[in-house]
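Visitor: I am new to this structure and would like a close look at a single part of it. Please take the contacts between side chains, with aromatic rings and charged groups in turn.

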Amino acid sequence: MLTLEDGTDPQGVRQIRTDPVYVGGDGTINIVGDINTGGTTQQALVVDGFTTANHTGTGQGRLSLILSGAIVGGDADNPLIDAREAERVEVRNTIDISSGGALAFGSSDGGYLLVADGARIRATNSTLATEQEATLVYQRGGLFENYGTLIEDGGAGEPGSERGKRAVGVELDSGTFHNRRTSDTRFGRVVVNNFGVRMRGGVDRAAVLINDGLIESRMAAAIFSETRHDDNPLYLTRNNSQGVITGAGVSYQALTRTRDLVVNAGTMNGDIWLGES
């Protein structure tokens, strides 16, 4: 395992990186140092598609990444952390962003994301007039297991709560998102002002949502499904016995041209609208 830490200046003062970090290769990298690109539109961390297996025929395959340091971004034009080329990503600390995408992972080849117990991905609502909505996790395949917290600062009437400035928890294009639980008091949480989970697959896509924790939208449907093409994607939502899904009057909303299967053994607060499904 390769460990990347903060450097120090000649006086011994810790230096936090403020430029993007690019990583690639095989094996595991543990990023212990903090990265802060706040106040800019820069990315903080990008996983390159280069692997030794691609070029030499040897190696372990794609990169595994551990994020042990805190990562702060501003209004990112591209995902603050672009890990779509990674095999595995584990978030152990905090990720903050004002707008744009916080973390993107997954592909047709799979991928795995773990947000550990105690870790947090947060939308911090700046007062910038140009601020647009944030998306905390973009999932394009693979498996996402959440034991931590995905959250947006502020509720109705507070900065960032206006229409067009509300954060989405997880945009699930395909793959499986499992909001996990380890005890009565320790479980995955998704609490935002826009959709907790937005399923919007493309052609021949299927997405699965399994909830054992809390998914809550303060100002919209907790779960929202749609399609980006004129097709018929399949979405399965299973809310297990200890799972809680709470929306602002609507717990599940299907827009149109989707196949939605909702299985509930827990608590869903709000209506279920299946539209033209």
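Guide: What follows goes through the aromatic pairs and then the salt bridges. The model is a predicted one.

A pair of aromatic rings is described by the distance of the centres and the angle of the planes. The count here comes to 3 aromatic pairs. In one of them, Phe 144 and Phe 177 have ring centres 4.7 Å apart and planes at 20°, so this pair is stacked; the cut-off for stacking is under 30 degrees. Phe 144 belongs to strand S16 (residues 134-146) and Phe 177 to strand S18 (residues 168-179), so the contact ties together parts 33 residues apart in sequence. Phe 144 and Phe 177 are both buried. Together with Phe 105 they form one aromatic cluster.

Phe 195 and Phe 224 make another stacked pair, with 4.3 Å from centre to centre and 10° between the planes. Phe 195 sits in the loop between strand S19 (189-192) and strand S20 (197-201), while Phe 224 is in strand S23 (residues 223-227); the two are 29 residues apart, and the pair links distant parts of the chain. Both Phe 195 and Phe 224 are buried.

A ring can also have a charged group over it: Arg 189 lies over the face of Phe 187, at 4.0 Å from the ring centre.

Now the charged pairs. Side chains of opposite charge can pair when their charged atoms come close. The count comes to 14 salt bridges. Among them is the one between Arg 92 and Glu 90, whose closest N and O atoms are 2.9 Å apart. Arg 92 has 42% relative accessibility and so counts as partly exposed, whereas Glu 90, at 12%, counts as buried.

Arg 186 and Asp 117 meet in a salt bridge of 2.7 Å, N to O. This pair links distant parts of the chain, 69 residues apart: Arg 186 is in the loop between S18 and S19, and Asp 117 is in the loop between strand S14 (112-115) and strand S15 (120-123). Arg 186 is partly exposed at 44%, and Asp 117 is partly exposed at 40%.

The side chains of Arg 200 and Glu 226 form a salt bridge at 3.2 Å, N to O. Arg 200 lies in strand S20 and Glu 226 in strand S23, so the pair ties together parts 26 residues apart in sequence. Arg 200 is partly exposed, with 21% relative accessibility, and Glu 226 is buried, with 15%. Through shared partners, salt bridges join Glu 133, Arg 140, Glu 171, Arg 198, Arg 200 and Glu 226 into one network.

Notes
Residues are numbered from 1 along each chain as its sequence is written. This is a predicted model: local features need pLDDT of at least 70, side-chain atom pairs count only at pLDDT 80 or more; totals for chains, interfaces and linings use all residues. Side-chain values use heavy atoms; hydrogens and water are left out. Rings of Phe, Tyr and Trp (its six-membered ring) pair if their centres lie within 6.5 Å; planes under 30 degrees apart count as stacked, over 60 as edge-to-face and the rest as tilted. Helices (H or I, at least four residues) and strands (E, at least two) are DSSP runs, numbered from the N terminus. Buried means under 20% relative accessible area, exposed over 50%, partly exposed in between (1.4 Å probe, protein chains only). A charge sits over a ring if NZ of Lys or CZ of Arg is within 6 Å of the ring centre and within 35 degrees of the ring normal. A salt bridge is a side-chain nitrogen of Lys or Arg within 4 Å of a carboxyl oxygen of Asp or Glu.
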